[in-house]
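User: I would like to go through this structure with you. Could we begin with how its elements are counted?

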Amino acid sequence: MVEFVIPAPEVPSVAVAGHVGRFPVRRIFCVGRNYAAHAREMGHDPDREDPFFFTKPADAVVDSGATIPYPPLTSDLHHEIELVAAIGKGGNDIPVEAALAHVWGYAVGIDLTRRDLQAEAKKAARPWDWAKGFDNSAPCGPLRPVESIGHPAKGRIWLSVDNETRQDADLSDLIWPVANVIAFCSKAVRLEPGDLIFTGTPEGVGRVDPGQQITGGIEGLGEISIQVGKR
Ligand code: MN
């Protein structure tokens, strides 16, 4: 038993639909530009370049239904609705054909982004950390276990702000499906149980202002709703 010199931090976690028990979060990996139309809207040509990844701190997760404070350092907070895969079985160099067996469940998540800081980082060739990995930047709805819903590969993925639809696409538009994303990610790091992978967002990303309500969902997987607080 390890003894700590200060109280050990709590383990971040996400809810599991229909269960009292929660899913412990170890790390959060996110894929950039995984829908062609979104890559284009951000000024890139999506001709199936390998996926690239960035991370968020594990304690950036927030349950659906929460009110989050409008984050500091930005005046251009953006929403990105995403399918989230939760890893239940670890591994490295996982082959595409075996990858889905490593998934414990799926959820609907929002990759909140300080777009103005991201634009500055891109321009200065600096890291994206402050644009992507801030407090409360990874709202994640309740996970649904694979044993109950299987592996969602198609179906509507959408997001609205104050009931105005902003993002409306289909999971089948993913450039790299979940299995490929897991295979690529596990080449770079050893995936472990508790890792979440945000798989990328479709077109229609946009700004959310203080006081607005973000609601999103994926067909067959559920919905997420987050209230953005005052500045
Ligand atoms: Mn994203």
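Analyst: Helices and strands here are DSSP runs, of at least four residues for helices (H or I) and at least two for strands (E), numbered from the N terminus. Please note that this is a predicted model.

User: How many helices and strands are there in the protein chain?

Analyst: The protein chain holds six helices and 18 strands. Its radius of gyration is 17 Å, close to the 17 Å that the globule rule gives for 231 residues, so the chain is as compact as a globular protein of that length.

User: And what does the C-alpha trace span along its principal axes?

Analyst: The span is about 45 × 45 × 40 Å.

User: What share of the residues is buried?

Analyst: Buried residues account for 50% of the 231 in the protein chain. The chain exposes about 10900 Å², and carbon and sulfur atoms supply 53% of that area.

User: Turning to strand 3, is it enclosed or open?

Analyst: Strand 3 covers residues 28–32, and five of its five residues are buried, so the strand is largely enclosed by the rest of the structure. "Buried" here means under 20% relative accessible area.

User: Which way do its side chains point?

Analyst: I28, C30 and G32 point one way from strand 3, while F29 and V31 point the other way; all are buried.

User: Which strands does strand 3 join, and how do they run?

Analyst: Five bridges link strand 3 to strand 4 (residues 52–56), and these two run antiparallel. Within that pairing, G32 has F52 of strand 4 as its bridge partner. Three bridges link strand 3 to strand 15 (residues 196–198), and that pair runs parallel. There, F29 stands opposite I197.

User: How many bridges join strand 7 to strand 16?

Analyst: Two bridges join strand 7 (residues 77–79) to strand 16, and the two run antiparallel. H78 has R207 in strand 16 as its bridge partner.

User: What about contacts between residues at least 6 apart in sequence?

Analyst: Of those contacts in the protein chain, 76% join residues at least 24 apart.

User: Lastly, how far apart are the mean positions of the positive and negative charges?

Analyst: The protein chain has 23 positive and 31 negative charges, and their mean positions are 2 Å apart.

Key
Residues numbered from 1 in each chain as written. Predicted model: local features only at pLDDT ≥ 70, side-chain atom pairs only at ≥ 80, totals over all residues. Heavy atoms only, no water. Pairing = 2+ DSSP bridges. Rg over C-alpha atoms; globule rule 2.2 N^0.38 Å. Buried < 20%, exposed > 50% of the residue type's maximum accessible area, 1.4 Å probe, protein only. Contact = heavy atoms within 4.5 Å. Areas by Shrake-Rupley, 256 points an atom, 1.4 Å probe, with all protein chains shown as cover. Lys, Arg positive; Asp, Glu negative; His and termini not counted. Charge placed at Lys NZ, Arg CZ, Asp CG, Glu CD.
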